[in-house]
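Work through the exercises below with the sequence and the model side by side, and try each task before you read its solution.

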Amino acid sequence: MDSANQDINLNSPNKGLGSDTMTDVPVEGAAGNPSTTLPPGLSEEETEELKTELNKVEEEIHTLRQVLSAKEKHAYELKRKLGLTPLNELKQNLTKGWQDVQTSTAFVKTTEKLGEWNEKVTSSDLYVSARETLEDISQSEAYKKTQETLSQAGQKTSAALSTVGTAISRKIGDMRNSPTFKSFEDKVGNLKLKVVGGTGNGEGARSPSETSPVQDKAPF
């Protein structure tokens, strides 16, 4: 066997064998043997077209996001120049939302149902009977007597309080006009004159040690 026809790769499992004994071994990733499996029902050309279209769509999404971000920044600048704060926007949104609620079909139907229910209640026999009963009670003799009794009790209480106040004032006046109170008042006045007069003449109040002379020698 010619050595030129032998496999020169020593690591090959076919070393030492002739080329005529080697079989074709498919290699993954080689031409004609795609490494990825195709989706079911799609050919290789259809798969490539879908991938190309997906890439275009993703690029468009990225571009639109950039445009949206630029528009949001521009809108923020315009609102800032117009003085539209987030609080004002919230108030406007709440007002608009409440207007939308009031004009909504559900709100209108609910209001109508409540009006119908109110009419049914006010015109019902139970409501009419209860109202007539209250009117009868307010017109009854017992109710009138109770109201009169409460009114008289209030008047008597006011009169009693007024009488007590008058009696206290009169008692205080009698006490001030009594001889005992006048005598006490005269004594207080005289004492005040003595204190004020003594201070004005330079005679200060003397302590007990000053009023009684100190003896030189104590008696045994």
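**Exercise 1.** Which residues make the nonpolar surface patch of about 330 Å²?

Solution. The model is predicted, so local features need pLDDT of at least 70 and side-chain atom pairs count only at pLDDT 80 or more, while totals for chains, interfaces and linings use all residues. Residues are numbered from 1 along each chain as its sequence is written, and side-chain values use heavy atoms, with hydrogens and water left out. The patch is made by Trp98, Val101, Phe107 and Val108; a patch takes residues with over 30% relative accessible area and no salt bridge, and nonpolar side chains (Val, Leu, Ile, Met, Phe, Trp, Tyr) are joined within 5 Å. Two or more of its residues come from each of the elements α2 (86-102) and α3 (105-122).

**Exercise 2.** Decide whether valine 101 is buried, partly exposed or exposed.

Solution. Begin with the cut-offs: buried means under 20% relative accessible area, exposed over 50%, and partly exposed in between (1.4 Å probe, protein chains only). Valine 101, which is found in helix α2, has 36% relative accessibility and therefore counts as partly exposed.

**Exercise 3.** Classify the ring pair of tryptophan 98 and phenylalanine 107.

Solution. Rings pair if their centres lie within 6.5 Å, and planes under 30 degrees apart count as stacked, over 60 as edge-to-face and the rest as tilted. By this rule there is one aromatic pair. The ring centres of tryptophan 98 and phenylalanine 107 are 5.9 Å apart and their planes lie at 75 degrees, so the pair is edge-to-face.

Terms used: Patch = residues over 30% accessible without salt bridge, like charges linked within 9 Å, V, L, I, M, F, W, Y side chains within 5 Å. Areas by Shrake-Rupley, 256 points an atom, 1.4 Å probe, with all protein chains shown as cover. Salt bridge = Lys/Arg side-chain N within 4 Å of Asp/Glu carboxyl O. Helix = DSSP H or I, 4+ residues; strand = E, 2+ residues; numbered from the N terminus. Phe/Tyr/Trp six-rings, centres within 6.5 Å; stacked < 30°, edge-to-face > 60°.
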